[in-house]
Amino acid sequence: SAGQPSAMEPSAVACAQPLAVVALAGVWPGTPFVTWGGGGHGYHRPLMIWLSLVAFVVAALVAGLIVRWMSGHASVYGNGMPQRFHLGDVPRVGGAAVLLGMCCSWVLGVAQSQWWGDSGSLRLGGWVGLWLLVVLPAAVSGIAEDLTQRLTVRYRLAFTGMSGLLAISLLDMAVPRLGMPWLDTLLVAAPWLGLGIALLAVTGLPHAFNIIDGYNGLAGMVAAIVCLALAHVALQVGDRGLAALLVCTAAATGGFLVWNYPRGMLFAGDGGAYIWGVVIAMASISLVQRNADVSPWFPLLLLIYPVWETLFSIYRKTVRGVSPGVADALHFHQLIYRRIVRSVFHDDESRRVLMRNNRTSPYLWGFTLLTVVPAVLFWNNTPLLMAFCGLFVISYVMAYMAIVRFKVPEWLRR
């Protein structure tokens, strides 16, 4: 039709692109850019840039509207919660902004693939709609809790379990292997075990992200880092559609972070944590299920921080005779806030609390990168990935005990 190129033949132009442009595109060196043919003008169409830009802008705009119009609603939140480390009334429905930004970019990607020639070779189709359907129960329950503060842990767990059931029933998600011959043989003999692990992952990871969502920029940055790491490996194995969804999710998270860090004007809430958890769990399972070269220990090492934080929290609460569902202020990030991050001197108390809050997250970002970097470097090397998982667990326990016993090195207390 008029105004459109007469031919749409993708051509690869990878090495000539500046590294900064590659980073903005959400892709990595060696990944081809798609260009329009026609007339030899070589008009580049790095589709992931546009999809991620849509996700970022929509999320940032919706988050801004929430900050503008829902600040009054934030007054319903209780001040006596043990996990509260801020002053003032701050909206907790940032998850709605992430969800809308993510949905808009995903739907636009499907439309481009189905009706506009799929110039990016993303092959997005009806399965993306099923992904959104899987995300909705967990997301809606989390946002409902953020708005009402009346949805108990039991009901929220049931809704994330519903998302897990939809994932294995609608998308046939299952963990096909565990990287150890005897366990792989067991999975072949009992396929229901792979379904059970997938169900546990999709049900549990949202709550793991909710646990680490304690300070400005913490859970959001961890989610963005993990999404980009998964997208990098997806591109390495040629799974461009999955990479596009992950890059868009990271971009939507970035739009939310504009208002969350360092100003602390909006929190992700349970809704945001549940969206990150479900999407990342599904992406991790799909990446392993669809690509035999990817070790199942790659996503586990990427996510070992929130996963181990959850398991360790269940353990320490159980030995104290406390229900794992009861909130407390003894998580790893909370100990860093209390005993490592130095007090900030400022006349305004709310400003003082905010500045100290903001200084906590970078410690955990660095802690996360200690697992993300080796995971990305050795994504197909199961023995090394297992060794790094074990090393993290030992390091975490040693660090936790050192903080509890006030044996933190002076150079860390800055």
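Q: At what angle do α8 and α10 pack?
A: This is a predicted model. In it, helix α8 and helix α10 (residues 269–290) pack at about 20 degrees, and their axes are 11 Å apart.

Q: Parallel or antiparallel, then?
A: Roughly parallel, because angles under 35 degrees count that way. The crossing of α8 and α10 is left-handed.

Q: Which residues meet there?
A: From α8 the list is A219, G220, A223, V226, C227, L230, V233 and A234. On the α10 side they meet W276, I280, A283, S284 and L287.

Q: How many of those are nonpolar, polar or charged?
A: The contact of α8 with α10 has 11 nonpolar residues, two polar ones and no charged ones.

Q: OK, what about α8 and α9? How do their axes cross?
A: Helix α8 covers residues 218–236 and helix α9 covers residues 240–260. Their axes come within 8 Å and cross at roughly 160 degrees. α8 is therefore roughly antiparallel to α9, since the angle is over 145 degrees.

Q: Left-handed or right-handed?
A: The crossing of α8 and α9 is left-handed.

Q: Which residues make that contact?
A: α8 contributes G220, M221, A224, C227, L228, L230, A231, A234 and L235. α9 contributes R240, A243, L246, V247, T249, A250, T253 and L257. By class, the contact of α8 with α9 divides into 13 nonpolar, three polar and one charged.

Q: Switching topic. How many salt bridges are there?
A: Four in the structure. One of them joins D239 and R290, with the closest N and O atoms 2.7 Å apart.

Q: Where do D239 and R290 sit?
A: D239 is in the loop between α8 and α9, while R290 is in helix α10. The two are 51 residues apart, so the pair links distant parts of the chain.

Q: Is D239 buried or exposed?
A: Buried, because its relative accessible area is 8% and the cut-off is under 20%.

Q: And how accessible is R290?
A: R290 has a relative accessible area of 40%, so R290 counts as partly exposed.

Q: What does R316 pair with?
A: R316 forms a salt bridge with D328, and the closest N and O atoms are 2.6 Å apart. R316 lies in helix α12 (residues 304–319) and D328 in the loop between α12 and α13 (332–339), so this pair ties together parts 12 residues apart in sequence. Both R316 and D328 are buried.

Q: What figure makes D328 buried?
A: D328 counts as buried because its relative accessibility is 11%.

Q: What about R320 and D328: how far is N from O?
A: Their side chains meet in a salt bridge at 3.7 Å, N to O. R320 is partly exposed, with a relative accessible area of 48%.

Q: Which residues are linked in a network of salt bridges?
A: R316, R320 and D328.

Q: Last one: which helix holds H333?
A: H333 lies in helix α13. Its relative accessible area is 1%, so H333 is buried.

Q: What does H333 touch?
A: Leaving out residues up to four places away in sequence, H333 touches I211, I212, G214, Y215, L218, Y305, T360 and L364.

Definitions and conventions:
Residues numbered from 1 in each chain as written. Predicted model: local features only at pLDDT ≥ 70, side-chain atom pairs only at ≥ 80, totals over all residues. Heavy atoms only, no water. Axes fitted to C-alpha atoms, helices over the stretch in contact; angles between N-to-C directions. Helix = DSSP H or I, 4+ residues; strand = E, 2+ residues; numbered from the N terminus. Parallel < 35°, antiparallel > 145°, perpendicular 65-115°, else oblique. Left-handed = near helix turned anticlockwise from the far one by under 90°. Contact = heavy atoms within 4.5 Å. Nonpolar A, V, L, I, M, F, W, Y, C, P; charged D, E, K, R; others polar. Buried < 20%, exposed > 50% of the residue type's maximum accessible area, 1.4 Å probe, protein only.
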